[in-house]
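Hi,

Here is the model I said I would pass on. Please have a look at the structure first; my notes follow below.

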Amino acid sequence: MIFTSTVSPSLRNGLRFLGIWPDVSHAAVNQLLYISSILIMQYFQYLYVFAHCKPGELQNLVDGLPATLDYSLTTIKLLTLWANRRVVHEILAAMDADWRECVNVDRYSQVMTAKAGISYFCSNAMLNFNTIAGVLYLLGDYAVGIVYHAEDDNTTSRPFPIKLLFPLEAEQSPIYELLVVVVFVHVMLNTYTVAILNALIFTLVLHASGQIDIICQEFRNNSEETSHYGFSRYTIGMLVERHNKVISFSENIDKLFSFMSVMQVFWNTLVICCLGLVVMTSIHDETGVDLVKTIFAYCAIMMEIFIFCFAGEYLSFKSRSLADAAYESLWYNMSPNHGKNVLFIIMRSQKQLNITAGGMTSLSLEAFASIMKASASYVSVLHAMY
């Protein structure tokens, strides 16, 4: 397979669906319709949450909160993405320019092709995993309802794919069947949107890491080939220019995902607490269906925050490797002017490229571990109260 971009076809179609890809027709109309449908769903979700926000209804409350908060987070992320549409276009234009430069150089093309292959695989894997987790979570309520109905003939309530409260007689046929189909499709679209945003940040970080690998490769190759003559002025200028492009590209990634990241950390902590409490209270469930569907949702939420933190960790790691490659080059064989340029690259690389959560903290695996520990502490407190 010949790769011509780090963006996979599935991710490209997703960005077109969200109206972010350049030159998409009627993008504003599609965005308005999509966000309006999300806000309508949010209205019915929060009606359910407020109706059960009272003593003795903790189980129903925490059962409805995860999907509600996840929808709210998706709304915030979409609005942030659309507000930074110009930044997205700059990023995509920079990626196209990088690929045009790599086509004519075999060693550059090999590096970027390897990154594109990983990007394609990860994008498809995220879409498939989110789809499976979404379907299992949505069908869980139906399985639980069927089992309870078989055990208790007095059970007359008809469950929806997620916890909603409609201010009308929604359990009468054919209104109920129509609403079930609409809600199911809409929740799967929300799951698809989440997967697209996760695949986007991972793809952008992989592209930046590919460009960093090219710079490191140039340092190694030129050190081996010019051990007696040093770097040429053209090579040093090209490396400095490419390094500046990587810095600008990474800053655009941080600008695009910084606010998303801080909301992701805050919202996912709340959702993990709710799902963790549901898991603990479902352990004694004889059917086990409710436990299985909640565990899949729990894994999907943890995977979502892990992707953000892993992307930040990977970008920081690649940034450190660039400083190491520059230092290990034969800078001592260069002229003083060229040596100063390499010194500037080393000094700039010591300020690591990263993705921040609102500019307050860098996303890393350490941050992910802290989020998990904090969520576990909150779950234990909630369980003790329950």
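In helix H4, Arg86 and Arg100 are exposed. Exposed means over 50% relative accessible area, buried under 20%, and partly exposed in between (1.4 Å probe, protein chains only). This is a predicted model: local features need pLDDT of at least 70, side-chain atom pairs count only at pLDDT 80 or more, and totals for chains, interfaces and linings use all residues. Residues are numbered from 1 along each chain as its sequence is written, and side-chain values use heavy atoms, with hydrogens and water left out.

**Helix H4**

Helices are DSSP runs (H or I, at least four residues), numbered from the N terminus. H4 covers residues 85–103, 19 residues in total. At 1.5 Å a residue it should span 27 Å, and its end C-alpha atoms are 27 Å apart, which agrees. The expected span is 1.5 Å times one less than the number of residues. The buried residues of H4 are Val87, Val88, Ile91, Leu92, Met95, Asp98, Trp99 and Cys102. Seen down the axis, they fall within an arc of 135°, so they line one face of the helix. The arc is taken from the directions from the helix axis to the C-beta atoms. Arg86 and Arg100 are on the other side of H4.

**Aromatic pairs**

How many aromatic pairs does a search of the whole structure find? It finds 11. Rings of Phe, Tyr and Trp (its six-membered ring) pair if their centres lie within 6.5 Å; planes under 30 degrees apart are stacked, over 60 edge-to-face, the rest tilted. One of the pairs is Tyr46 with Phe50: centres 6.0 Å apart, planes at 35°, so tilted. Both lie in helix H2 (residues 27–51), 4 residues apart, about one turn. Tyr46 is partly exposed at 26%. Phe50 is exposed at 60%.

Phe306 and Phe310 form a stacked pair, 5.8 Å centre to centre, with 25° between the planes. They are 4 residues apart in helix H8, about one helical turn. Phe310 is partly exposed at 29% relative accessible area, and Phe306 is partly exposed at 30%. Ring pairs also link Phe306 and Phe310 with Phe202, Tyr314 and Phe368 into a cluster.

**Surface patch**

Phe306 lies in H8 (residues 289–328). With Met303 and Leu365, Phe306 forms a nonpolar surface patch, with about 230 Å² of accessible area together. Areas come from the Shrake-Rupley method with a 1.4 Å probe; for residues, only the protein chains shown count as cover. Patch residues have over 30% relative accessible area and no salt bridge; nonpolar side chains (Val, Leu, Ile, Met, Phe, Trp, Tyr) are joined within 5 Å, like charges within 9 Å. A salt bridge is a side-chain nitrogen of Lys or Arg within 4 Å of a carboxyl oxygen of Asp or Glu.

Best wishes

Note on methods:
Helices (H or I, at least four residues) and strands (E, at least two) are DSSP runs, numbered from the N terminus.
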